[in-house]
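Subject: Structure handover

Hello,

Here is the structure I promised to pass on. Please open it and keep it beside this email while you read.

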Amino acid sequence: MRVSRYFMPVLKENPAEAQIVSHRYMLRAGMIKQQAAGIYSWLPLGLRVLNRIQTIVHEEQQRAGHIPLLMPTLQPADLWRESGRYDDYGQEMLRIKDRQDREMLYGPTNEEMITDIFRAHVNSYKDLPLTLYHIQWKFRDEMRPRFGVMRGREFLMKDGYNFDVDKAAALHAYNRHMVSYLRTYERMGLTAIPMRADSGPIGGEDTHEFLVLAATGESEVFFDSAVTDLRLGNREVDYDNREEVASVCKEFTTLYARTDETHDQALFDAIPEERRKVARGIEVGQIFYFGTKYSEAMGATVVTADGSKVPVEMGSHGIGVSRLLGAIIEASHDDKGIIWPEGVTPFPVGIVNLKQGDAAADAACEGLYKALAAKGLEALYDDREERAGAKFATMDLIGLPWRITVGPRGLANGVVELTSRRTGVSEELTPEAAVAKLVEIYAGI
Ligand code: ATP
Ligand code: MG
């Protein structure tokens, strides 16, 4: 993409309404525009990151054997009357009437609808295990929408639902989700710690929230600092192997890590003092085992191997897809702007032409742009007739992890400069070597 032809309305001034850094940088980089409280348009640069995040979520869900579908945003109220949640949900639910006076709602989540799909088509244990998920817009009429996409009213969520024949199988689905989420967040360059959370009125112990540590987080968290060193890395996990998946979960949930809702001071005090941490975190996901709560209320049953009919065991599992942009920026920025991890960056690399109109510089930039494209790397080429300082400031603000700087002086020696946004370290390379290095960097992403 050439900057001269792109739509990237960068702001020079700090927008007054933004209280936290991620919101400020998303507005300044021209990624989003607020249309109403907690409701945003996704401008081209923001949409690119949102799409990258969705791609990672899809890949990791499908790697775990989960199946995508797509449910609508609008739902009939009657489905929610079956579970009893139409009355329970309160003012967070946006209720709408259509022209026939039928009561509808903009879905805040989809347990009822997925249970309705299940009961219409599945009735045998032979069709299980089954996990269906989608990535769809949700609406919650939050009391205090704030911090940009972090707490919106309309927001994008991945929500998945497992259906299993018994509790042991459903807990395996829970564990599978935990491992797939760990991998998902790591690919986005994040450390998201699974923390035991409160299951609320449903009871039981089987819910974890995933938290990204950040001073601006809304949750207070208590943990053993050793938990922040855990990494899944590239290890292969066989998602069908219950013991293997459970042992990974154990590795990540044995050290103390809890939100304030489930915090236990006595257990916390037992951690060696230097490892006891109290901090703030951003909730980027939650997994939940709830058994037969919805299947019983809505008559979703399966016939088991011995011929008996039982309500299907379920759980639901969510990732805050649009919130993740905010969380990633909170975790990865400096005073010049965003620093995108390679996994989610809107463009893998930026090209800055120091002297637009200089025949050699223009030709070298064009050559780099095409050579990168041929390797599947779409560069953002700043081909505007702007001063170098302004081009650098824009590149730093929008946070592409790599920048190639091309100028007549370097070209006279046959080199361009490749700079890391994260470390600021630059390297002089031939254009071919710069392309080769980027190809290598992105090969594993
Ligand atoms: P919170 O406690 O932050 O209100 P929640 O626990 O009600 O969130 P869930 O029902 O668990 O949310 O939804 C799954 C994920 O969706 C959350 O982990 C979070 O990342 C994201 N999410 C929830 N509410 C919002 C919102 N208002 N704006 C953006 N993302 C949200
Ligand atoms: Mg939650």
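In this predicted model, three strands make an open sheet in the order E4-E6-E5, with antiparallel pairing. (Strands are DSSP runs of E with at least two residues, helices are runs of H or I with at least four, and both are numbered from the N terminus. Two strands pair if DSSP finds at least two bridges between them.) The edges are strand E4 (74–76) and strand E5 (94–97), and each pairs on one side only. Neighbouring strands are turned by 35° against each other on average, direction ignored. In general, strands of a sheet pair through backbone hydrogen bonds.

Now the pairings. E4 and strand E6 (residues 103–106) run antiparallel and are joined by 3 bridges. Leu-74 has Tyr-106 as its bridge partner in E6. For Gln-75, the partner in E6 is Leu-105.

Next, two helices. Helix H11 (residues 359–374) packs against helix H14 (residues 431–443) at an angle of about 30°, and their axes are 10 Å apart. (Axes are lines fitted to C-alpha atoms, for helices over the stretch in contact; angles run from 0 to 180 degrees between N-to-C directions.) H11 and H14 are therefore roughly parallel, a label for angles under 35 degrees. Which residues of H11 and H14 make the contact (heavy atoms within 4.5 Å)? H11 gives Leu-368, Ala-371 and Leu-372, while H14 gives Pro-431, Val-435 and Leu-438. By class, that is 6 nonpolar residues, no polar and no charged ones. (Ala, Val, Leu, Ile, Met, Phe, Trp, Tyr, Cys and Pro count as nonpolar; Asp, Glu, Lys and Arg as charged; the others, Gly among them, as polar.)

Last, charges. The whole structure has 26 salt bridges, each a side-chain nitrogen of Lys or Arg within 4 Å of a carboxyl oxygen of Asp or Glu. One of them pairs Glu-60 with Arg-187, whose closest N and O atoms are 2.8 Å apart. The pair links distant parts of the chain: Glu-60 is in helix H2 (residues 44–63), Arg-187 is in helix H6 (residues 167–187), and they lie 127 residues apart.

Two notes on conventions. Residues are numbered from 1 along each chain as its sequence is written, and chains are lettered from A and ligands numbered from 1 in the order in which they are written. Local features need pLDDT of at least 70, side-chain atom pairs count only at pLDDT 80 or more, totals for chains, interfaces and linings use all residues, and side-chain values use heavy atoms, leaving out hydrogens and water.

Best wishes

How values were computed
Angles under 35 degrees count as roughly parallel, over 145 as roughly antiparallel, 65 to 115 as roughly perpendicular and the rest as oblique. Contact means heavy atoms within 4.5 Å.
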